Amino acid sequence: MSDYNQKVMAEFRANDGIVGGHHTGRKLLILHTTGAKSGKHRETPLVTMQTDDGKDYIIASAGGSPKHPAWYHNLVANPDVHIEVGTEKYDAIARVADEPERTQLYNKIASKYDFFIKYERDTERTIPVIVLERT
């Protein structure tokens, strides 16, 4: 895991889910997955949007790269995940949103976090949106 992600997660945990700097004003979560090939525990800090029904939504943008991020492959292979958001921790099932839900959710999240608009323009792949449903 990158030093950057380690620092973000340490700040997240030290400040009840609040991270400054580049992430000021963004709602983050820490996604715990099981490696698709290795079976090892993995942690990734991600921007999230939480709805009134308590679901968290994340976008597998990889910064607009041509490939899906590793964590996406992990949760597709092993959809049972663990989430840290704010001071709360919960187990969830990760589900990749199908169309037209994917586009509706992507647009909703991108309206709040406009950098996702750039990421979508920067790649030819369809960027997945993942719904995290509490178990």
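Me: Where does P100 lie?
Reply: In this predicted model, P100 sits in the loop between β6 and α3.

Me: What is the peptide bond from E99 to P100, cis or trans?
Reply: Start with the general idea. Most peptide bonds are trans, and most residues other than glycine have a negative phi. The bond from E99 to P100 is cis, its omega near 0°.

Me: And phi? Which value does D16 have?
Reply: Phi of D16 is near 55°. That is positive, and D16 is not a glycine. D16 belongs to the loop between α1 (3-14) and β1.

Me: Is D16 buried or exposed?
Reply: D16 is exposed, because its relative accessibility is 52% and the cut-off for exposed is over 50%.

Me: What about phi of A62?
Reply: A62 is not a glycine either, yet its phi is positive, about 50°. Its place is the loop between β4 and α2. A62 has a relative accessible area of 34%, so it is partly exposed.

Me: Now the sheet. In what order do the strands come?
Reply: The general idea: strands of a sheet pair through backbone hydrogen bonds, either parallel or antiparallel. Here seven strands form an open sheet, ordered β2-β1-β5-β6-β7-β4-β3. The pairing is antiparallel.

Me: Which strands are at the edges?
Reply: β2 (41-47) and β3 (49-50). Each of them pairs on one side only.

Me: How many bridges join β6 to β7?
Reply: Five bridges join β6 (residues 88-96) to β7 (residues 129-134), and the two strands run antiparallel.

Me: Which strands does helix α2 touch?
Reply: Helix α2 (residues 70-77) packs on the sheet. It touches β1 (28-34), β2, β4 (56-59), β5 (80-85), β6 and β7. The direction of α2 makes about 55° with that of β1.

Me: Where does helix α3 lie?
Reply: Helix α3 (residues 101-112) lies across β3, β4, β6 and β7. It runs at about 95° to β7.

Me: What span does α3 reach, and what is expected?
Reply: α3 has 12 residues. From first C-alpha to last it reaches 17 Å, close to the 16 Å expected at 1.5 Å a residue.

Me: Which residues of α3 are buried?
Reply: R102, L105, Y106, I109 and A110. Viewed down the axis of α3, these buried residues fall within an arc of 130°, so they line one face of the helix. Q104, S111 and K112 are exposed on the other side of α3.

Me: What covers the buried residues of α3?
Reply: The cover includes β3, β4, α4 (115-121) and β7.

Me: How do I read a nonpolar core? Which residues touch the most other members of the largest one?
Reply: In soluble globular proteins, nonpolar side chains tend to be buried together. The largest nonpolar core here has 21 residues. I59, Y106, I109, F116 and V129 touch the most other members.

Me: Which elements give two or more residues to this core?
Reply: α1, β1, β4, α3, α4 and β7 do. The largest share, four residues, comes from α3.

Me: What other core lies apart from it?
Reply: Another core, of 16 residues, lies apart from the largest one. Among its members are I58, A92, A94 and L132.

Me: Back to Y106. Which residues is Y106 in contact with, leaving aside neighbours within four places in sequence?
Reply: Y106 is in contact with I59, F116, Y119, E120, I127 and V129.

How values were computed: Residues numbered from 1 in each chain as written. Predicted model: local features only at pLDDT ≥ 70, side-chain atom pairs only at ≥ 80, totals over all residues. Heavy atoms only, no water. Pairing = 2+ DSSP bridges. Contact = heavy atoms within 4.5 Å. Axes fitted to C-alpha atoms, helices over the stretch in contact; angles between N-to-C directions. Buried < 20%, exposed > 50% of the residue type's maximum accessible area, 1.4 Å probe, protein only. Expected span 1.5 Å × (residues − 1). Arc of directions from axis to C-beta. Core = buried A, V, L, I, M, F, W, Y, C linked by side-chain atoms within 4.5 Å.
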